[in-house]
Amino acid sequence: MQGLAIRSARASLAVDLAVKVATVGLLAWAVLNPDLPQFQGKAFAGRAIAYPVALLVFPIGWWLFGRRRIPFPIAADILFGLPFLIDVVGNALNLYDTIDWWDDANHLVNWALHTSAAGLLLRYGAWTRPTRVALAFGYAVTSAVLWELAEFVTFVPDSPEAASAYADTLLDLALGMVGGLVGAVVTARLPRGAPRS
C-alpha cells in the first residue's frame with residue numbers, strides 16, 4: 001500500500017512538473033517566434049513574465065507559509081497551473097482565432113480549475129462549507145475581473161477586438177463566475193484536509 005502511495009505521489013509530481021515545463025516551453029517558443037500569426041497582438045511578452053511567476057505561487061507560498069502545517073498541495077498546484085498551459089496551447093495551435101467558442105470555453109473551464117485549486121486549499125481551514133464556497137467564489141470573481149483588466153490594458157485597445165470588447169468582456173466575466181462557482185461548490189463538498197502531523 002505504501003508503494004502505491006509513493007508511485008502516486010511521483011506520478012502527481014511528474015504531471016505537475018510537465019504542466020510547468022510545457023507552459024514555459026510554449027511561452028519561450030512564442031517569444032522567439034513573434035511573427036507567427038497566432039502570437040501577433042496577444043501580449044506574449046507579458047505572458048512570458050506573468051505565467052512563470054504565477055506557476056511559482058503555490059510552491060513558494062507553501063514553502064514560506066504552509067510547509068509546517070500542511071503537505072504540499074500538489075493537486076491544487078496542478079489545477080492552478082493547467083489554465084496557463086491551456087491558454088498557451090490554445091494560442092500555439094491558433095485555436096482562439098479558428099474556433100469561435102474556444103475563448104468562451106476557456107473562461108468557463110479555466111476559472112473552474114483555478115477556483116478548484118483555491119477551494120482545495122480552503123479545506124485546510126476551519127471554515128464551514130458555505131464559507132468555503134463564498135471565499136472560493138470571491139477569489140473567482142476577483143481574479144476574473146483582474147484578468148479582464150489586464151487583458152484590456154495589454155492588447156485590446158490596439159486589436160481588431162476593440163469594437164466588440166465590451167460585450168466580450170461581460171461574457172468572459174459571466175463565464176468565469178459560473179466556472180468559479182462550479183469549482184467552489186464541488187471543492188467545498190470534499191472533506192477537510194488533514195494537517196501535517
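This is a tour of a predicted model, stop by stop, with what to select and what is there. Residues are numbered from 1 along each chain as its sequence is written, and side-chain values use heavy atoms, with hydrogens and water left out. Because the model is predicted, local features need pLDDT of at least 70 and side-chain atom pairs count only at pLDDT 80 or more, while totals for chains, interfaces and linings use all residues.

**Stop 1: helices α1 and α4**

Helices here are DSSP runs (H or I, at least four residues; strands are E, at least two), numbered from the N terminus. Two packed helices are described by the angle between their axes and the distance between the axes. The axes of α1 and α4 are 9 Å apart, and the helices pack at an angle of about 30°. That makes α1 roughly parallel to α4. The axes are lines fitted to C-alpha atoms, for helices over the stretch in contact, and the angles run from 0 to 180 degrees between N-to-C directions. Angles under 35 degrees count as roughly parallel, over 145 as roughly antiparallel, 65 to 115 as roughly perpendicular, and the rest as oblique. The crossing of α1 and α4 is left-handed, a term used if the near helix is turned anticlockwise from the far one by less than a right angle (right-handed if clockwise).

**Stop 2: helix α6 beside α4**

The crossing of α4 and α6 is left-handed.

**Stop 3: charged side chains**

Side chains of opposite charge can pair when their charged atoms come close. A salt bridge here is a side-chain nitrogen of Lys or Arg within 4 Å of a carboxyl oxygen of Asp or Glu. By this rule the count comes to four salt bridges; three of them can be visited as follows.

Show the side chains of K20 and D16, which meet in a salt bridge at 3.5 Å, N to O. Both residues lie in helix α1, four residues apart, about one turn of the helix. Next show D77, whose side chain meets that of K20 in a salt bridge at 3.0 Å, N to O. This pair links distant parts of the chain, with K20 in helix α1 and D77 in helix α4, 57 residues apart.

Is K20 buried or exposed? K20 counts as buried because its relative accessibility is 14%; the term means under 20% relative accessible area, while exposed means over 50% and partly exposed lies in between (1.4 Å probe, protein chains only). D77 is buried as well, with a relative accessible area of 2%, and D16 is also buried.

Now select D87 and R47, whose side chains meet in a salt bridge at 2.8 Å, N to O. D87 in helix α4 and R47 in helix α2 are 40 residues apart, and the pair links distant parts of the chain. Both D87 and R47 are buried. Salt bridges that share partners join D16, K20 and D77 into one network.

**Stop 4: loop residues**

G41 counts as exposed, at 52% relative accessibility. Select T154 too: its C-alpha is 9.0 Å from that of G41, although the two are 113 residues apart in sequence.

A43 lies in the loop between α1 and α2. Most residues other than glycine have a negative phi. A43, which is not a glycine, has a positive phi near 55°. A43 is partly exposed, with a relative accessible area of 22%.

For another case, select N94, in the loop between α4 and α5 (95–98). N94 has a positive phi of about 60° although it is not a glycine. At 22% relative accessibility, N94 counts as partly exposed.

**Stop 5: a surface patch**

Which residues form a nonpolar patch on the surface? Select L56, I60, W63, L64 and F65, which together have about 580 Å² of accessible area. Such areas come from the Shrake-Rupley method with a 1.4 Å probe, and for residues only the protein chains shown count as cover. Patches are made of residues with over 30% relative accessible area and no salt bridge; nonpolar side chains (Val, Leu, Ile, Met, Phe, Trp, Tyr) are joined within 5 Å and like charges within 9 Å. L56 lies in the loop between α2 (44–55) and α3 (57–66), and counts as partly exposed at 44% relative accessibility.
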